[in-house]
Amino acid sequence: MTVLSTPAQKINNSIDSQIPDSMSHVEKKFKMIAENVTIHYGNTMGVKNVTMKFPEKSVTALIGPSGCGKTTFLRCLNRMHDMTKNAKVEGKVMLDDIDLYDKSIDPIYHRRKVGMVFQKPNPFPTMSIYDNVVAGLKLNGVKDKRILDEIVEDSLKMAYLWDEVKNDLKKSAIELSGGQQQRLCIARALAIQPEVLLMDEPASALDPIATQKIEETIMELKKEYTIIIVTHNMQQAVRVSDYTGFMYLGELIEFRETKKLFTDPKNELTSKYVQGQFG
Amino acid sequence: MSTTNEKRQEYRALFKNNVKKRLLVDKLVHIVIFAFVIIAIIPLGSILVEVFKNGITAISYEFLTATPGSIGSGDGGIGPAIQGTLIIIGLASLIGVPIGVMSGIFLSEYGDNRLARNIRFFNDVFMEFPSIVLGIFAFLVIVLILGHFSVWAGAFALSLIMFPIVARTTEESLKMVPMTYREAGTALGLKKWVITFRIVISAAKSGMITGILLSVSRIGGETAPLIMTILGSSQFFSSMDVPMDALPLRIWRLSLLPYESSQLQGWGAALVLIFIIIGINLAIRYHFGNGNAMISRLIKQRMPTKR
């Protein structure tokens, strides 16, 4: 619609920081580092050479218009693209000091450290609430009933669902409302005791009240987890995140502290996007 | 964006406007569809009615339990045939269901390659094979080699009919399970086989059971492959290595006899076969909770448990 950018313009602008600038807490450790990640789908390039560092125990939001590659990028952080036949990921994704794309590592083992919550609530339909929460544990061989009970309560409390379901944990998960299902999925992801939590537009299918609850959950969770959240909703990014990366056409255009990105964007594209001029 | 209001009016005018005619056509289509359903049901219904009307008079305790009497006497029963049908369906399922289910899992979960595409194609061809050909095949590879008719040969022939059906329906029901459940499992750090067997299959269970039941019903009525393999007998089951009776064979024999009493027994046997198939269907559906769990869940939903 408006003159967004010629490719040249974009490249000129995108040399910008891959680390959130002016980090007030330089001592903060980076939990995850994506280095020169490029993702192809068949012949189309979904993500182009993105480098991003995710500070520990904080929320990083990825924003950008539909199709900009933010979900594609998020999914490479726990090797979800392994499931897609014609997807190819190049580059490095470091979790602490392990490269998740190293040939010698077992992606299944490392996925347990990176939990994921999806866009649409997807509790396992044939399982009860309790079984959904412990699915990742039970099916990975944790059998001790006492420990499972403990984790169920703990995870559901962290996901702010415990009070609503504590009396019918045996109820089928699909009988819950959409917002409750999504919080159940968060509890399920937390139950495997991850260190990083990836969230792919976790509130996009929910009403404002459920959204608010999910956001409260996120705010609470960041005390212990490194959270990376993809969102379409810029207000949501402002509300929940500490750092925000703006992606456009598969590239990371600007990545800074959320407040600064929204109030004082360096890049012309970012500025237009956060002001709602396109997207 | 640039369409003017006049243009829009013009577009709107293009739509068909005759409401009366549209309602009429709608009704007509409804009637035609209904008529075709009736046409499809009439033969099916009349067969059932006919079997029931003729068969019910033949059924007695003796008829269900005794061995066949002398030809044309109208005495005796179809005990061995009932027993044989249950045995042969059981054995064929024991061979055919696991192979079929595993093939279905392969085609759906690991089937995005050339090998699987070829297998899928041959499976579809196989599904339409005339059953007599499968009977002849079992005859050649088992009966001729062993030198005698054998229950195993019959079970083998029937399982050949079964597993392409089971494989196809299993594949289709697994494919219906949304990718998001597999993704959720993957994100939980589960291995692929755990996801497949513990999450995907339990979500696809009802479709898979429908497929298995379809195949059971299909082999329950097969006659041709049994002629080539278990031949038929008037004695109860004694060994895997001698001929055995089965209901379709008995029906076929009885209905060919020129005596009215025998033909009546044939109707009775047909009715018994129909009841057995219905019985197996209901029992399996009930056992695997397709009806059962759903009903109890509904009841629970209506009456929340309070502690």
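This is a predicted model: local features need pLDDT of at least 70, side-chain atom pairs count only at pLDDT 80 or more; totals for chains, interfaces and linings use all residues.
**Stop one: a hairpin in chain A**

Select residues 243-248 of chain A, which make up strand β9. For one facing pair, show A:T244 and look across to A:R256 in β10(A). Now go to the turn, where two residues sit between the strands. A:L249 is the one to click on here: its phi is positive, near 50°.

**Stop two: where chain A touches chain B**

Colour the two chains separately and bring up the contact, which takes 26 residues from chain A and 22 residues from chain B. On the chain A side, select α3 (107-111), β6 (114-117) and α4 (129-138), each of which supplies at least two residues. The largest share of that side comes from α3(A), with three residues. Colour the chain A side by residue type and you get 12 nonpolar, eight polar and six charged.

**Stop three: a helix in chain B**

Select residues 151-176 of chain B, helix α7. How far apart should the ends of its 26 residues be? At 1.5 Å a residue the helix should span 38 Å, and the end C-alpha atoms are 37 Å apart, which agrees. Look along α7(B) for a kink of about 25° at B:L160, shortly before the proline B:P164.

Key:
Residues are numbered from 1 along each chain as its sequence is written. Chains are lettered from A and ligands numbered from 1 in the order in which they are written. Two strands pair if DSSP finds at least two bridges between them. Helices (H or I, at least four residues) and strands (E, at least two) are DSSP runs, numbered from the N terminus. Two residues are in contact if their C-beta atoms, placed from the backbone, lie within 7 Å. Ala, Val, Leu, Ile, Met, Phe, Trp, Tyr, Cys and Pro count as nonpolar, Asp, Glu, Lys and Arg as charged, and the others, Gly among them, as polar. The expected span of a helix is 1.5 Å times one less than its number of residues. The bend at a residue is the angle between axes fitted to the seven residues ending there and the seven starting there.
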